[in-house]
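Biologist: I am new to this structure and would like to learn how to read it. Could we go through it feature by feature?

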Amino acid sequence: MRILVIGATGLLGKEIMALLSEEHDVVGASRNSPAVSVDISDKQSILAMYKQVGTVDAVVCVGGTAKFAPLDALTDDDFAFSLANKLMGQVNLVRYGVPYISQGGSVTLTSGLLAHHPMLGGAAVSTVNAGIEAFGRAAALELQGKLRVNVVSPGWVWETLEAMGRDSAKGVRAAVVAQAYRKCILEDISGQVVSVTH
Ligand SMILES: NC(=O)c1ccc[n+]([C@@H]2O[C@H](COP(=O)([O-])OP(=O)(O)OC[C@H]3O[C@@H](n4cnc5c(N)ncnc54)[C@H](OP(=O)(O)O)[C@@H]3O)[C@@H](O)[C@H]2O)c1
């Protein structure tokens, strides 16, 4: 299988690349990836990436960001940035990816725990994550018979909590989260939100 991983240089991306490379031909991309550079907040950049990479059997996205800040500190620009980046970036990976993904192939997007479990400072992130899950279910319905669309919702990742100096015992290892992406690629599921928590 030929698989495109966006966000390949990040914490989860590296684990997914390592796991999938054991069995598949995997192409990694991100803004600063030397081989395939893409900024998912830019439609033209997404189109150029697909043109460069060509046909794939699966697309995984663990790239894109949204702003953390208290509600009264989040600016219009912060919301616009978050929506254009992690949300519309992933929406557009599906919309513009359809011609490049082989029949019966899959796209696996990433949301996160904050879609359903709010925390202080996470209003923009919660909005984005919930949007990704809603889009994933709707796109799966629209694309039925053509390609599968699923969303992985990681809880706090062990390595991230460790890096933040927080209690990592409540986290799930990045290698465990990576298995959820493999499941979405290999199993005949669509329209699912796969939660991975401790
Ligand atoms: N870690 C956690 O605890 C956790 C928990 C829940 C959900 N998540 C979600 O899981 C995803 C991955 O998390 P992570 O911890 O692996 O993040 P990370 O280590 O910060 O890695 C992010 C990756 O995405 C790329 N990227 C960022 N913005 C991009 C853009 N606009 N276009 C293309 N690539 C972009 C980065 O590379 P470049 O800088 O080269 O572009 C990098 O490869 C994120 O959506 C995050 O919100 C993470």
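Biologist: Let me start with one residue. In which helix is the place of Asn 92?

Modeller: This is a predicted model. Asn 92 has its place in helix α3.

Biologist: Is Asn 92 buried or exposed?

Modeller: The cut-off for buried is under 20% relative accessible area. Asn 92 has 11% relative accessibility, so Asn 92 counts as buried. Apart from neighbours within four places in sequence, Asn 92 is in contact with Ile 46 and Gly 97.

Biologist: Now the sheet. What is the order of its strands?

Modeller: The sheet is open and has seven strands, in the order β3-β2-β1-β4-β5-β6-β7, with parallel pairing.

Biologist: Which strands stand at the edges?

Modeller: The edge strands are β3 (36–37) and β7 (193–196). Each has a single partner strand, so one side of each is left without a neighbour in the sheet.

Biologist: How many bridges join β6 to β7?

Modeller: Four bridges join these two strands, which run parallel. Ser 153 has Ser 195 in β7 as its bridge partner. Elsewhere in the sheet, β1 and β2 pair in the parallel sense over five bridges, and Ile 6 has Ala 29 in β2 as its bridge partner.

Biologist: How do I read the two faces of a strand?

Modeller: In a regular strand, side chains alternate between the two faces of the sheet. In β7, Val 194 and Val 196 form the covered face, while Val 193 and Ser 195 form the uncovered one.

Biologist: Which strands does helix α1 lie across?

Modeller: Helix α1 (residues 11–21) lies across β1, β2, β4 and β6, and runs at about 165° to β2. Another helix, α4, also packs on the sheet, where α4 touches β5, β6 and β7. The direction of α4 makes about 160° with that of β6.

Biologist: Which residues of α1 are buried?

Modeller: The general idea comes from the helix turn. An α-helix has 3.6 residues a turn, so residues three or four places apart point the same way. In α1 the buried residues are Leu 12, Gly 13, Ile 16, Met 17, Leu 19 and Leu 20. Their cover includes β1, β2, β4, β6 and α6 (174–186).

Biologist: What is Gly 13 in contact with, leaving aside its neighbours within four places in sequence?

Modeller: Gly 13 is in contact with Gly 7, Ala 8 and Val 62. Gly 13 has 1% relative accessibility, so Gly 13 counts as buried.

Biologist: What does Met 49 touch, not counting residues up to four places away in sequence?

Modeller: Met 49 touches Leu 4, Ile 6, Ala 29, Val 36, Val 38 and Leu 93.

Biologist: And where is the place of Thr 108?

Modeller: Thr 108 is in strand β5. Its relative accessibility is 0%, so Thr 108 counts as buried. Beyond four places in sequence, the residues Thr 108 touches include Val 59, Val 60, Asn 150 and Tyr 181.

Biologist: Last, the rings. Why is the pair of Tyr 50 and Tyr 100 stacked?

Modeller: Planes under 30 degrees apart count as stacked. The count here comes to one aromatic pair. The ring centres of Tyr 50 and Tyr 100 are 5.3 Å apart and the planes are at 10°, so this pair is stacked. Tyr 50 belongs to helix α2 (residues 43–53) and Tyr 100 to the loop between α3 (76–95) and β5 (101–110), 50 residues apart. Tyr 50 is buried, at 0% relative accessible area, whereas Tyr 100 is partly exposed, at 23% relative accessibility.

Biologist: Which ring does the charged end of Arg 173 sit over?

Modeller: The charged end of Arg 173 sits over the ring of Trp 158, 3.6 Å from its centre. Lys 67 lies over the face of Phe 81, at 4.8 Å from the ring centre.

Definitions and conventions. Residues are numbered from 1 along each chain as its sequence is written. This is a predicted model: local features need pLDDT of at least 70, side-chain atom pairs count only at pLDDT 80 or more; totals for chains, interfaces and linings use all residues. Side-chain values use heavy atoms; hydrogens and water are left out. Rings of Phe, Tyr and Trp (its six-membered ring) pair if their centres lie within 6.5 Å; planes under 30 degrees apart count as stacked, over 60 as edge-to-face and the rest as tilted. Buried means under 20% relative accessible area, exposed over 50%, partly exposed in between (1.4 Å probe, protein chains only). A charge sits over a ring if NZ of Lys or CZ of Arg is within 6 Å of the ring centre and within 35 degrees of the ring normal. Contact means heavy atoms within 4.5 Å. Two strands pair if DSSP finds at least two bridges between them. Axes are lines fitted to C-alpha atoms, for helices over the stretch in contact, and angles run from 0 to 180 degrees between N-to-C directions.
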